[in-house]
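Here are my comments on the model you passed along. Have a look at it first, then read on.

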Amino acid sequence: MSDSIVWRNGELWIEDVPAARLAAEHGTPLYVYSRRHIEQQFRRLQSALSELQPTIHFALKANGNLAITRLLARLGAGADIVSGGELDIALRAGVAPDRLVFAGVGKTRAEIEAALRAGIGIFIVESEPELARISACAVALGRTARVAIRVNPDVDPKTHVYTTTGRRETKFGVDLERAARVFELAASLPALEIAGLHMHLGSPLADEQPYAEALDKVAPLCRRLSERHPTFRVLDLGGGFGIPYRPRQPEFPLDAFAAAIIPRVRALGLRLAIEPGRFLLGNACVLLATVQYIKDNPFRQFVILDAGMNDLIRPPLYGAWHDIRPVRPRAGERIHVDVVGPICESGDFLGKDRRLPPLEEGDLLAIFGTGAYGMAMASNYNGRGRAAEILVDGARAGVIRAREGVEDLVRPMRIPEWLDAPPS
Ligand code: LLP
């Protein structure tokens, strides 16, 4: 799954650093990323589509760490952002403002104004009232907002219903029938420039087929828009490119994707933009956790870890499957166990009914495929500080996010003085 996260004599290494050493130095739960894997994935995507020279906007929502964003910015990536917070992180990380695309159905006035002041590339507009709001903000600031309308092509991406976005019953984009009118509205409002058309079908997608289907659906509209609006130049295909989570699961077929996309985009004469998140980061990372207890009941054996659903919510939320293996070789016949966390919910599992060798307290486990939507969706549930994050580069390892402590949990909290005042 990654040439950079490998087994040497049965022990797990991230590039040239043993996982066990990082766990001993920094404690667990610990997210550990490989720089090399991220760079390889970026270059693979770039070279598969090189004929089109696409702009690649890293979907910050997959992993908003400053150092990871900086690493991608240095490779030439732009960013796909969905909030004022992500705008700030992207700018601090050094992403060029004109390489930012700002999507999301709920942009507030303050977020729109901050993005206009920063000079962002394109607003991805999801509704008519949002279009009017962006226009009003741009007029007030004396700026021009470049906009791409997000079209919902009603294509089935064949993925989890919670992460399906390109179907008409979802809240995203405007349906194809109404899209032409929304573009006309954009043309009629002040301080807007029509830059292009956007779509994002869902995440993760297994192959190129839904992208090809969606492109065929929007092609006639794109042709009409190109004729009417000389500034209409960008086709943003969104993200969603899948990765193998299971050992024998195939890779996303980049060559077939390129073969399907390149001629279609070229025929339209548009510039391609894409917004990958998971593809760049998912398999660049392992989450390291320590076995706290082995617990049996008459029906099951539980391996209880110090990592739980507050660290990685994908298994309970989407029924997502992440490979789990011991970091060091463990002898003995494999048995079926549930790998669970310390949180007070039965939904707090990392893997159910897994075959693992006999484990004992103190053993280290690695949970694979956790670089995208792992730390990004972590919470403080059950009064737990969020994990630390480490970036490995060859034999070097650097902390890119410190472990949260109790102080971090209570810092924003306040006790109003009247709570302690005697009753009046
Ligand atoms: N562009 C837009 C407009 C998006 O909404 C998303 C993801 C992406 C790009 C990036 O998709 P990616 O290339 O990373 O698949 N939490 C879920 C995934 C939610 C995806 C939301 N939007 C998960 O853990 O699987």
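The points below go from the overall layout to the ligand and its contacts.

1. First, a caution: this is a predicted model, so please read every distance here as computed from predicted coordinates.

2. On layout, the protein chain splits into domain 1 (5-32 + 282-410) and domain 2 (96-276). Their centres, taken over C-alpha atoms, sit 35 Å apart. Where the two meet, domain 1 puts 10 residues into the contact and domain 2 puts in eight residues.

3. Where does the ligand sit? The space it takes is the largest pocket. Both domains have a hand in the shell around the ligand: domain 1 and domain 2 each supply at least three residues.

4. What kinds of residues make up that shell? By class, there are five nonpolar, six polar and six charged residues around the ligand. Of the 17 residues there, the ones that come nearest are S203, E275, R278, R314 and Y373.

5. How much of the ligand does the protein cover? On its own the ligand has 590 Å² of accessible area, and the protein covers 91% of that.

Conventions:
Residues are numbered from 1 along each chain as its sequence is written. This is a predicted model: local features need pLDDT of at least 70, side-chain atom pairs count only at pLDDT 80 or more; totals for chains, interfaces and linings use all residues. Side-chain values use heavy atoms; hydrogens and water are left out. A residue is near a molecule or strand if one of its heavy atoms lies within 4 Å of it. Accessible areas come from the Shrake-Rupley method with a 1.4 Å probe; for residues, only the protein chains shown count as cover. On a 1 Å grid over the protein atoms alone, a cavity is a set of points where a 1.4 Å probe fits but cannot get out, and a pocket is an open set with protein on both sides within 12 Å along at least five of seven lines; lining residues have an atom within 4 Å of a point. A molecule sits in a cavity or pocket if more than half of its atoms lie within 2 Å of its grid points. Ala, Val, Leu, Ile, Met, Phe, Trp, Tyr, Cys and Pro count as nonpolar, Asp, Glu, Lys and Arg as charged, and the others, Gly among them, as polar. Domain bounds come from an automatic or database domain assignment. Contact means heavy atoms within 4.5 Å.
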